[in-house]
Amino acid sequence: STSNGATETSPTTITWIEDKPGPTLQEHKIFPSVPDSVWESLGLQEGVPSSMSCFLLRSEGKTILLDAGLGAPFSQLIPKLNEEGVNPDSLKLIYITHMHPDHIGGLLKDGAKVFPNAELWINRVEVEAWKTSNDDNAKLPKAVLDVYKDNIKLFEAGDTLSGGVNTIAAYGHTPGHTVFQKDSILVIADLMHGAALQMDYPEYCPFFDMDPEAATESRKRILEYARKNNLTMYGMHLPDGVIK
């Protein structure tokens, strides 16, 4: 308890921040291996419902941003944070699931830090993979790692971070793709880009899963883990942010 007698046991809350105003539909061509028959049997002719999202987690007295959106002109991250009483200068903790643009683009504006005082926690495997990549897609991760070099903190999968947040390896979508768990909250990041398809058919990958075999294994393992432990899944591409 604190000196004035108040306790520190504030409830854990998670707030969905839809970075890109919806609705969002992912076209069939994003899932090239899905047969037309499966696509049509699920009624996905218009596309599979999705979103582009981040989350704000309040846990054990900490305020934690989980991913930072795309940083596009349409991005709702900063206005939504303001609605939650969170100022970019005052935010102290950001946990990154992986380093694709729609998760880290919002960390930079005109090449400068958007969150100058935040520790940026990223899986070590993820950081090393992008640092050593010669792919064009590595330009933004490298820029973030450079600009935030004094703010970067590395974790290993399995570590528990501030706020009592557990990190779980879900590699495949990217080399160090990580999901986060706090109690019954499981933030599954990009485990699914089209839940209406992948809940029933986890073997189907979007073309942006960098290692489809590993991504499929991770998807099946984490979905089973969530079912077995009665966890509520929050995802960056779930159409309503959540699957109970």
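**Entry 1: a lysine to start from**

I looked up Lys-182 and found that this residue is buried, with a relative accessible area of 8%. I noted the scale: buried means under 20% relative accessible area, exposed over 50%, and partly exposed in between, with a 1.4 Å probe and protein chains only. I recorded that this is a predicted model, in which local features need pLDDT of at least 70 and side-chain atom pairs count only at pLDDT 80 or more, while totals for chains, interfaces and linings use all residues. Residues are numbered from 1 along each chain as its sequence is written, and side-chain values use heavy atoms, with hydrogens and water left out.

**Entry 2: the partners of Lys-182**

I asked which side chain meets that of Lys-182 in a salt bridge at 2.7 Å, N to O. The side chain is that of Glu-60. For a salt bridge, I used a side-chain nitrogen of Lys or Arg within 4 Å of a carboxyl oxygen of Asp or Glu. Glu-60 sits in the loop between β4 (53-59) and β5 (62-66), and Lys-182 belongs to strand β13 (residues 178-182), so the pair ties together parts that are 122 residues apart in sequence. I took helices (H or I, at least four residues) and strands (E, at least two) as DSSP runs, numbered from the N terminus.

Lys-182 also forms a salt bridge with Asp-183, and here the closest N and O atoms are 4.0 Å apart.

**Entry 3: backbone at Glu-60 and Asp-183**

I then checked the backbone angles. Glu-60 has a positive phi of about 50 degrees, although this residue is not a glycine; its relative accessibility of 44% counts as partly exposed. Asp-183, also not a glycine, has a positive phi of about 55 degrees. I located Asp-183 in the loop between β13 and β14 (185-189), and I noted that Asp-183 is exposed, at 52% relative accessibility.

**Entry 4**

I looked up Glu-217 and Arg-221, whose side chains meet in a salt bridge of 3.0 Å, N to O. Both residues lie in helix α7 (residues 212-228), four residues apart, which is about one turn of the helix. Glu-217 counts as partly exposed at 41% relative accessibility, and Arg-221 counts as partly exposed at 35%.

**Entry 5: a cis peptide bond**

Where is Pro-23, which a cis peptide bond joins to Gly-22? I found Pro-23 in the loop between β1 (13-18) and β2 (24-26). The omega of the bond is about -5 degrees.

**Entry 6: the whole chain**

Finally, I recorded the totals. The chain has seven helices and 16 strands. Its radius of gyration is 18 Å, close to the 18 Å that the globule rule gives for 244 residues, so the chain is as compact as a globular protein of that length. The radius is taken over C-alpha atoms, and the rule is 2.2 Å times the number of residues to the power 0.38. I noted that 48% of the 244 residues count as buried.

Residues 24 or more positions apart account for 70% of the contacts with a separation of 6 or more, a contact being heavy atoms within 4.5 Å. A search of the whole structure gave nine salt bridges.
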